[in-house]
Amino acid sequence: MLRTGSRQDQDPGPAAEALRLVKVTKTYGSADSAVTALDAVTLGLGRGTFTAVMGPSGSGKSTLLQCAAGLDRPDSGIVRVDGTELTGGDEAELTKFRRGRIGFVFQQYNLLETLTVAQNTVLPLKLAGRRVDRRRVREVLASVGLGDRLGHRPDQLSGGQRQRVAIARALVTEPRVIFADEPTGALDTRSARDVLRLLREAVRKHGRTVVMVTHDPVAASYADSVLFLADGRLAGRMDDPTADAVAERLAHLGDDVPAGV
Amino acid sequence: MRSIRQRPGRFLATLLSAFLGAVIIMTFNSMHDTAGQPGVDPTSSETLSTAAGVVGGYGTLLVFFAIASTLTVNVRQRAAEMELLRCSGATPAQIKRMVVGEAVAVALVGAALAVGPAMLGGRALLDVFRDSGQVARSVDHSFGPVALQSGAGITLLAAAGAAILAVRRATGGSRRRGRARTVLAYAALVAGAVSVTSTFVFSATDAALMAPPAYGAILLSVGCALMAPRLLAGVLDRLPLGGASGWLAVRNLRERAGQLAGILMSLILFTAVATATLTMQAVESDAVAASGAVKSVDAKNLETLNFTVVGIIVVFVCVMLVNSLYAATTYREREFGQQRLAGATPGQVLGVVGAEGLVLTVTGVCFGTLAALAGIVPFTVVRTDAVLPDQAFGVWLAVVAVAAAVTLGTALATARRVLRTPAVRAVASAA
């Protein structure tokens with residue numbers, strides 16, 4: 001017999017596809033000044049993959065990430081995270097949907113200044129009303145190289161360290177998908193490399209799925225594959241990218257919109 | 001000056017407090033003018049002068065506090081702008097000149113606007129005095145040089161002084177101020193204790209009986225208010241607040257104890273002054289009624305004054321509370337966005353704000369009540385031989401209700417509005 005109401009019943013384990021978008025469209029503004037940020041984008045990302053989303057400014061990268069992560073609602077289309085469809089609802093419902101399924105890493109870190117490193121890391125667990133396993137939190141922070149900074153506040157840390165706290169915070173809830181929005185945008189090259197390695201580790205070691213929006217071909221080269229976006233549409237895909245190949249492709253993105261996909 | 005024209009909204013709170021302050025000061029100082037007219041009998045003249053003197057003094061202090069509070073908030077909000085100015089070559093003196101100039105300009109507008117209402121207010125006040133027989137019927141209202149000069153002068157001086165204080169606060173130098181504040185706090189507490197104790201020297205029917213405990217309570221509350229950050233820290237250490245919202249609230253409060261001190265200060269002063277004055281007045285009135293005596297003109301004067309003073313304080317503290325809470329909460333848009341991105345529902349964010357407001361209200365009310373009781377108890381012991389008057393509870397409930405409604409209402413309503421911005425944009429806008 002199955003016990004009803006237990007977590008196991010509602011959660012059939014990880015789905016094969018971590019993220020699925022079907023004809024997702026998003027338009028900003030109205031009438032004359034309307035801008036189509038996403039134009040019927042369809043894509044699927046397998047579990048345990050590291051995907052970079054690239055494109056020029058205004059190509060819809062950030063909108064794509066926000067729609068896929070349940071931070072914004074698409075005008076039409078279907079978003080499925082870990083096999084569960086993201087349906088409309090108020091912010092509270094979306095928030096509850098994101099908990100446990102989705103983790104975030106932002107360019108601006110978005111750590112709370114009033115909390116210590118350890119407190120910032122456990123915040124998502126606290127908010128979700130989940131039990132806080134101190135040992136596990138210490139483990140996660142040690143794995144991002146901050147085991148000796150538990151009591152520090154964000155303003156006592158360097159940018160790279162802050163971003164690593166953000167990664168620890170994203171990992172601690174064991175989400176199915178981690179969305180990273182320009183995670184290295186504000187970092188020097190060495191800190192950026194550390195952060196990218198940690199994201200890749202999250203995929204390789206812990207089987208997370210990572211979707212990263214970035215401008216930087218070097219950052220994109222850490223991913224398994226790169227999706228190119230131009231004018232709100234998918235404009236190609238590159239597997240096993242190298243920084244040079246990505247930069248080359250990016251430079252000619254305008255030319256080959258019809259081809260590629 | 002240009003910065004005022006660009007963003008008149010930001011200066012609304014300062015303008016409002018300058019305006020209200022100028023109205024009150026001019027209204028009461030016009031009593032000096034009225035008393036100074038030829039042909040006014042001595043009793044009327046004395047009543048008018050006392051009223052003007054007492055409330056004028058209070059008013060000056062309050063105007064100063066209110067303008068300082070609104071300006072401090074204003075300057076803090078514009079920290080980024082100040083930083084930019086400094087980077088583009090403005091010296092600290094230039095920045096100070098700018099802020100002081102702005103404050104004086106706003107105060108000037110406030111004072112000018114206040115002349116009309118103050119004339120009407122003065123006339124109404126005189127009517128009250130005449131109806132209660134405190135002032136002879138034949139006395140006419142006069143709005144003269146004393147009212148105008150003191151009103152405009154005090155408002156401008158208060159604005160300039162408050163602006164200098166606000167800039168100094170914003171640009172550092174807090175260490176020395178910290179020590180000065182501690183000394184002041186202890187001085188106020190000691191003076192308050194002495195004043196309260198000296199109540200016992202008076203006899204039950206002395207006309208001046210109410211003065212020492214009332215001033216004592218006020219001084220004690222000023223002392224508590226000055227120690228507000230430390231009191232808050234002490235309370236937080238002993239606070240078991242459950243849930244994620246409570247957990248966050250306690251941590252936020254602890255980190256921002258210094259900034260929230262202004263709000264706590266207003267709450268303590270409000271509770272103490274309103275509770276003490278109103279309760280003592282109620283006890284006094286009942287005692288007079290019980291003895292079957294008719295109130296003398298002096299007693300009536302005192303009653304009118306008490307109510308006016310409490311009224312003024314209530315209005316000012318409300319303006320200060322609403323302003324600083326509104327500004328403090330709006331300022332946290334980014335922080336709220338970060339909480340939401342970390343997985344907080346809007347309800348949980350409101351829970352945090354509510355818990356913070358509750359802790360502030362309870363702390364403020366507690367210490368305010370203590371200060372008030374310190375004044376009330378000696379007064380009732382001497383006046384009626386009871387320890388705690390029956391009237392105290394009702395007054396206290398009303399005062400607490402107002403304090404809680406203003407604090408929680410402003411904080412939650414503002415937070416609700418701030419939460420309407422989508423989390424992603426809230427985080428980006430301030431980045």
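Predicted model: local features only at pLDDT ≥ 70, side-chain atom pairs only at ≥ 80, totals over all residues.
Visitor: How many of the residues of α4(A) are buried?

Guide: The buried residues of α4(A) include Val117(A), Asn120(A), Thr121(A), Leu123(A), Pro124(A) and Lys126(A). Just after the helix, Gly129(A) takes a positive phi of about 70 degrees. The helix α4(A) is mostly covered, and its buried count is 10 of 11.

Visitor: Which helices of chain B do the buried residues of α4(A) pack against?

Guide: Within chain A, the buried residues of α4(A) pack against α5 and α6. On the chain B side, their packing partners are α10 (243-255) and α14 (346-384).

Visitor: Over what arc around the axis do the buried residues of α5(A) lie?

Guide: Helix α5 (residues 134-143) of chain A has Val137(A), Val140(A) and Leu141(A) as buried residues. They are on the same side of α5(A), because the arc they cover around the axis is only 95 degrees.

Visitor: Is Gly145(A) buried, exposed or partly exposed?

Guide: Gly145(A) follows α5(A) and has a positive phi, near 80 degrees. Its place is the loop between α5 and α6 of chain A. A residue is buried with 20 or more other C-beta atoms within 10 Å and exposed with 12 or fewer. Gly145(A) has 14 C-beta neighbours inside 10 Å, so its class is partly exposed.

Visitor: How far apart in space are Gly145(A) and Val226(A), C-alpha to C-alpha?

Guide: Gly145(A) and Val226(A) are 81 residues apart in sequence. In space, their C-alpha to C-alpha distance is 28 Å.

Visitor: Are α2(B) and α3(B) roughly parallel or roughly antiparallel?

Guide: The axes of helix α2 (residues 12-35) and helix α3 (residues 42-77) of chain B come within 8 Å and cross at roughly 165 degrees. Their crossing is left-handed, and their contact has 16 nonpolar, 13 polar and no charged residues. Angles over 145 degrees count as roughly antiparallel. The arrangement of α2(B) and α3(B) is therefore roughly antiparallel.

Visitor: How are α8(B) and α14(B) oriented, roughly parallel or roughly antiparallel?

Guide: The axes of helix α8 (residues 211-226) of chain B and α14(B) come within 8 Å and cross at roughly 160 degrees. The angle therefore makes the two helices α8(B) and α14(B) roughly antiparallel.

Visitor: How many charged residues does the contact of α8(B) with α14(B) have?

Guide: The crossing of α8(B) past α14(B) is right-handed. Among the residues that meet there are Pro213(B), Ala217(B) and Leu220(B) in α8(B), and Phe367(B), Ala371(B) and Phe379(B) in α14(B). By class, the contact of α8(B) with α14(B) has 12 nonpolar and 4 polar residues, and the charged ones number no residues.

Conventions:
Residues numbered from 1 in each chain as written. Chains lettered and ligands numbered in written order. Axes fitted to C-alpha atoms, helices over the stretch in contact; angles between N-to-C directions. Helix = DSSP H or I, 4+ residues; strand = E, 2+ residues; numbered from the N terminus. Parallel < 35°, antiparallel > 145°, perpendicular 65-115°, else oblique. Left-handed = near helix turned anticlockwise from the far one by under 90°. Nonpolar A, V, L, I, M, F, W, Y, C, P; charged D, E, K, R; others polar. Arc of directions from axis to C-beta. Contact = placed C-beta atoms within 7 Å.
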